[in-house]
Amino acid sequence: MNRRLLWKLCATLALGTLALVWVITFLGAETEQQMSFIAERHQQTLKDWGQTAERLYDAGEEQALADWLQALQEREDTWAAVVRSDIQPLAGSELNQRFRDGFRLGRSEEWKIHLYFAANPIMETTFADGHTHFLVLLPQRMRPGTYLPQVKLLLKIALPLAVLLVLSLVIYQHLMHPLRQLEQATRQFSEGNLGVRVRNLLGSRNDELAALAETFDRMAERTGELIIAQRRLIADLSHELRTPLTRIDMAVSCVEEGIDTQQLLPRIRRECRLMRDLVEDALTLAWLENENPTLDQDSLDLTDLLDSVIDDVRYEYPRHRLQANLPAQAEIHGSSQRALAQAIENVIRNACHYTPEDGRIRIGLDQEARGYRLSVDDQGPGVPADQLERIFQPFYRTPQARDDKPDGHGLGLALARRQLEAVGGRIHAENLSGGGLRMRLWFPVTRTPVEA
């Protein structure tokens, strides 16, 4: 089973989760890094304090320096001092220049502050002589990372929600686009647009929703064909019934006026029989077309069936010569005897109908690899080559047939084809070289589910 949509959703969620973890980790580390440094304005304040202390110290104003330190400590609620660092190496050791340059009693203003330490660090500004230092405990107002807890809460809650929202929107759009197309197509189809289709609107997409669109298209195509066929059948049936009804109406009017009653009554009976046959054939065809029924699966002998049908046709057309070349036995299995009998009878009657009196109809049955082929040759006018397939459409008759045989209604061959298809057979027509039409019917020896 095609599970492309499942894998797409799994891949989207997996990638989205990985992206979410990476973004949270990256932004968390980057945010903490940026928030671990003292703000530039506070750095400048610390430097200014160091310069003030150095200026007072260099001027020798110790009392002024002490007063300034006292005022600074009270104002900032912190500790501050100016100290000397006279380092004396012992045991003959020496201080290298790297140590002298990097030695500090506190932290520089530009250094990173460890936010996880509760105590504030001591900041240092070294005077020009390299041995005197201004030290101050970083005031609380200058401590960086004040909003770090809020930022971490934001990264742990708001950011995942935002990423999940984006993922949900992506998945929603991916699912809803074909569903909207399907909804619009269903609405258009219900409003009478039988030609609407969905699959082509989805492009190269190939997943469960594309399969659903293909199923909808097949349903729409089949339903549309049935609706169009029903409309055509109703229109053709109405057209075909109009002529005999008109004749009956005229005949009834003549009967009411007492004009030639004995000749009009047989005509009314014939027109009524024509309408009854027409309605019965149309209903049978509609049933076969719309329901796709499973017909009875009988075992029968085609030779016996053909003998019975030919005897009935001979009785109805006594002036036609029916020549049959049939094998002694031709058994088939899984077919409907009634459907085959009606189909064969329609074909042979059609051949007799268009063959002139004293004409010859040849009927031959031959065995093939997986079935039997029945040939019915007549001596009628034939059918134009471009219309050989159209004669199997309901109510279709060639212009010549309508002129020469106006009493037909064009359902016999359509019924024969549909009945044969219902039992796994087939039928087609071809013109004979010397004139006339040949019908070829094929019956399977054993009907299989595929053929059915």
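Let me start with a term: a residue is called buried if its relative accessible area is under 20%, exposed if over 50%, and partly exposed in between, using a 1.4 Å probe and protein chains only. This is a predicted model, in which local features need pLDDT of at least 70, side-chain atom pairs count only at pLDDT 80 or more, and totals for chains, interfaces and linings use all residues. Residues are numbered from 1 along each chain as its sequence is written, and side-chain values use heavy atoms, with hydrogens and water left out.

I begin with Ser-108. Is Ser-108 buried or exposed? Ser-108 is buried, because its relative accessible area is 9%. Ser-108 sits in the loop between helix 4 (97–102) and strand 2. Helices here are DSSP runs of H or I with at least four residues, strands are runs of E with at least two, and both are numbered from the N terminus. Leaving out residues up to four places away in sequence, Ser-108 touches Met-123 and Glu-124; contact means heavy atoms within 4.5 Å. The side chains of Ser-108 and Glu-110 are joined by a polar contact of 2.6 Å. That term covers a pair of N or O atoms within 3.5 Å; within protein, one must be able to donate a hydrogen and the other to accept it, and residues adjacent in sequence count only if both atoms are side-chain atoms.

Next, the sheet that includes strand 2. Three strands form this open sheet in the order 1-3-2, with antiparallel pairing. Two strands pair if DSSP finds at least two bridges between them. Strand 1 (80–84) and strand 2 (122–126) are the edge strands, each pairing on one side only. On average, neighbouring strands of this sheet are turned by 25° against each other, direction ignored. Strand 1 and strand 3 (residues 132–137) run antiparallel and are joined by five bridges. Arg-84 stands opposite Thr-132 in strand 3. Helix 2 (residues 40–58) lies across strand 1, strand 2 and strand 3, at about 140° to strand 3. For such angles, axes are lines fitted to C-alpha atoms, for helices over the stretch in contact, and the angles run from 0 to 180 degrees between N-to-C directions.

What is the strand order in the open sheet of five strands? The order is 5-7-8-10-9, and the pairing is mixed. Strand 5 (321–325) and strand 9 (426–431) stand at the edges with a single partner strand each, so one side of each has no neighbour in the sheet. The twist from one strand to the next averages 15°. Strand 7 (residues 360–367) and strand 8 (residues 371–377) run antiparallel, joined by six bridges. Gln-367 has Tyr-372 in strand 8 as its bridge partner.

Helix 9 lies across strand 5, strand 7, strand 8, strand 9 and strand 10 (437–444), and runs at about 170° to strand 10. The axes of helix 9 (residues 337–354) and helix 11 (residues 412–422) come within 9 Å and cross at roughly 150°. Residues making this contact include Ala-343 and Val-347 of helix 9, and Leu-415 and Ala-416 of helix 11.

Last, His-174, which is in helix 5 (residues 148–190). His-174 counts as partly exposed, because its relative accessibility is 28%. The C-alpha atoms of His-174 and Leu-5 are separated by 9.6 Å, with the two residues 169 apart along the chain.
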